[in-house]
Amino acid sequence: MDAAQTFRIEGMHCASCAAMIERTFRKRAGVLSAVVNYAAETALVAFDPEKVQPRDLAGAIAPLGFTLVLAENRDATAGANPAKQEKLRELAAMRRKVLSSIPLAVFSMVVMGWDALAQYGRLPVMSETWAGLVHHLFPVMASYMLMVVGQPYLKGVWLFLRHRQASMDTLIGLGTGAAFVYSFILNAFEKPLTGLLDVHQTYYDATIVVIAFISLGKYLEAKARLKTGDAIEKLLNLQAKTALVLKDGREIETPLDQIAVGDRIIVKPGARIPVDGALADGTSFVDESMLTGEPVPVEKRAGDRVAAGTVNTSGTFTFTAAKVGGETLLAHIIKQVREAQGSKAPVQALADKIAAVFVPVVLGLAVLTLVLWLAVGTRQLGLAHALSLGLAAFVSILVIACPCALGLATPTAIIVGVGKGAREGILVRDAETLEKLHLVDVVVVDKTGTITRGRPEFVELRNLSSLGWDEILSLFATLEQRSEHPIAHAVVEAAKAAKLPLLPLEAFESRAGRGVRATIAGKVFSAGNERLAGELGVAFDAPAIATETTRGRTPVFLISEGALLAVAFVADPVKESARDAVASLHALGVKVIMLTGDNEDTARQVAHEVGISEVFGRALPADKLAKVRELQAAGHIVAMAGDGVNDAPALAQADVGIAMATGTDVAIESAGVTLLHGDISKLAKAIRLSRLTMRGIRQNLFWAFIYNLVGIPLAAGLFYPWFGWTLSPVFAGLAMAMSSVSVVLNSLRLKTMRL
């Protein structure tokens, strides 16, 4: 059986590193697919365990300088985040190198600036003593920068020479290494080369400053990138470490991994709920903001569900564990967010294709530029000047053309977008779904559980007898307590809420499709629908009942000894947020259509109440599927929102399926987006999130491309014959570093935007 696992990858420095790892994995026998995400530092690999194992994958990329972390594959909620700890250690090492390189870069820039200003008479020429000191210091400083701070870039050159695998590090290493070697040759053979070359035109300063700038940019990028994945860290921190398990009448503090389904767990005020379950004893208010985004605590009574990670704010209660370990809702959320953040959007395909061929193309372009400068420039400028300009162009092209920003453009925005969605109670399955969502122009919604709450509630009691209101409701609930029908449950819950007693009954009889009958205190009572009333020959106000039915209300008649005592009305109420949600979708330019299996009258009443103009009732699963296909055939991008098994085919067919987390597992598995707590108000937020994320991706790609499109011709000296313009390797390094930082910072802006 094929397996798919997400692994953490250490040692990646750019998008071309990710492309290199992908190519290596895909060449292995038994690997079905591989998606490597540079920004998330993960690899999602589907493979045949009989042909290849994770340790084989680790061995395949180890010679290239990358590490596949095998220990990462464990329960999503286990302890601290090891990936973050490793990143913090890497960040600390980068910081030390940056701090050591900044003084050298500043000194080099001061010398460079002095020389430049002295040429224009703005400063006096540097004294021979200072010039001699600089002449001897620069080789030492450049050696430290290249051999110590620039070690990853030299490693990139070595891997290129040994394995023919080029990355961003290869470009930087070749550029700064060439500048250093050329300068060293001029110093070592100064006398023989005098007259042939300008022996005073060395590039030690370029080696020092370029490596310093790029190292600083990499540090700032890594620091900012760490913030893009903090959604996972926050979710991990929601997990309790232990639980108070009730065993043999004693409270025993038990580690999380030792809790079993069926354990009775005590939760005290202020404590996090450790696993999923249902309340057994007690009442309390639970802060479920991590699921819903809503700050107001929710009241919990016996039988109500509680979820791991939520916080008990008031009373002490006991609940029974139903889902533990990796089966809890929190664990599923963490897993889904991780997988979504590591996935790739279709828009990234272009960037990946470019990054895959970018490095060898740039390397060839840099060599060609140097050759052209020597071939053409020597005749016009002389060998010394042409070689100097050609080498500067060679280094500048290699440095500015690094595809880091291109590789970061899409994944950083996806990581931030998926994380922001998770904090808002919007779970996105993958990046492709997030991309599709921004194009949606029609949303098809189910009624029950999506627009309405999905469970009938007692809404009105019309007493037609001389008995008191409480007595009538008590009789109703007593009759209905043994019925399994949802309408009966609504009546019983209403009586319990009013704290009314349930009376003893005898000779209970359920009459399928009609209602129930029983003897209470010696009298025969019946409760049921219009059909039951007709069979018992009881008259009722049919027009009034029909009016209530068109409002979406279901009547329940209470009958005794041929007389109609009362009529209770039960309805599936519209969610408080539904009308605003529909209005928000309309404001986004999205058309809303209701498809429901309920009757036309009820469907139209509910649709009118929430502001939906197009509605189709009595729709079977096949009808819903056909309607979605019809809309797609008309050129619409369709999102389908539902919560039941009958919605699953349409959810799967829609361009984007949106499931209510209060619904069935089948609906959730068929959907690309899950709205936690079944909150339809998050539907418009999900579309806004997608649009903001895609806007950020387009902005990132623009800036990533513009740096290279403008920078490469300038670095090559294309404008030199007409305007005398060239690009110093120093400024090329600064531009390259800032391009990556700007892309990450632009992605982080999404965190501050309101949905």
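How many salt bridges does the count come to? I put this to the model, which is a predicted one, and the count comes to 17 salt bridges.

**Entry 1: Glu251 and Lys268**

I looked up Glu251 and found that it forms a salt bridge with Lys268, with 3.4 Å between the closest N and O atoms. I noted that Glu251 lies in strand β6 (residues 250–255) and Lys268 in the loop between β7 (264–267) and β8 (276–281), so the pair ties together parts that are 17 residues apart in sequence. I recorded Glu251 as partly exposed, at 42% relative accessibility.

**Entry 2: Arg462 and its partners**

I then turned to Arg462, whose side chain meets that of Glu460 in a salt bridge (2.9 Å, N to O). The side chain of Glu548 likewise meets Arg462 in a salt bridge, at 2.9 Å from N to O. I placed Glu548 in helix α20 (residues 542–550) and Arg462 in strand β16 (residues 457–463), so this pair ties together parts that are 86 residues apart in sequence. Glu548 counts as buried because its relative accessible area is 6%, and the cut-off for buried is under 20%. I recorded Glu460 as partly exposed at 24% and Arg462 as partly exposed at 29%.

**Entry 3: the sheet**

I traced an open sheet of 7 strands, in the order β14-β26-β25-β24-β15-β22-β23, with mixed pairing. β14 (426–428) and β23 (614–616) stand at the edges with a single partner strand each, so one side of each has no neighbour in the sheet. From one strand to the next, the twist averages 20°. I found that β14 pairs with strand β26 (residues 673–675) in the antiparallel sense over 3 bridges, and that Ile426 stands opposite Leu675 in β26. Helix α26 (residues 681–716) lies across β14, β15, β24 (638–642), β25 (656–660) and β26, and runs at about 50° to β14.

**Entry 4: Val444**

Is Val444 buried or exposed? I found Val444 in strand β15 (residues 442–445), and at 0% relative accessibility it counts as buried. Leaving aside neighbours within four places in sequence, Val444 is in contact with residues including Ile593, Leu595, Leu631 and Met640. I also noted that the C-alpha atoms of Val444 and Lys627 are separated by 9.1 Å, although these residues are 183 apart along the chain.

**Entry 5: a surface patch**

I lastly looked up a nonpolar surface patch formed by Leu99, Ile102, Val106, Val110, Trp114, Leu117 and Leu123, with about 570 Å² of accessible area together. Val110 is found in helix α3 (residues 82–119), and counts as partly exposed at 49% relative accessibility.

Terms used:
Residues numbered from 1 in each chain as written. Predicted model: local features only at pLDDT ≥ 70, side-chain atom pairs only at ≥ 80, totals over all residues. Heavy atoms only, no water. Patch = residues over 30% accessible without salt bridge, like charges linked within 9 Å, V, L, I, M, F, W, Y side chains within 5 Å. Areas by Shrake-Rupley, 256 points an atom, 1.4 Å probe, with all protein chains shown as cover. Salt bridge = Lys/Arg side-chain N within 4 Å of Asp/Glu carboxyl O. Helix = DSSP H or I, 4+ residues; strand = E, 2+ residues; numbered from the N terminus. Buried < 20%, exposed > 50% of the residue type's maximum accessible area, 1.4 Å probe, protein only. Contact = heavy atoms within 4.5 Å. Pairing = 2+ DSSP bridges. Axes fitted to C-alpha atoms, helices over the stretch in contact; angles between N-to-C directions.
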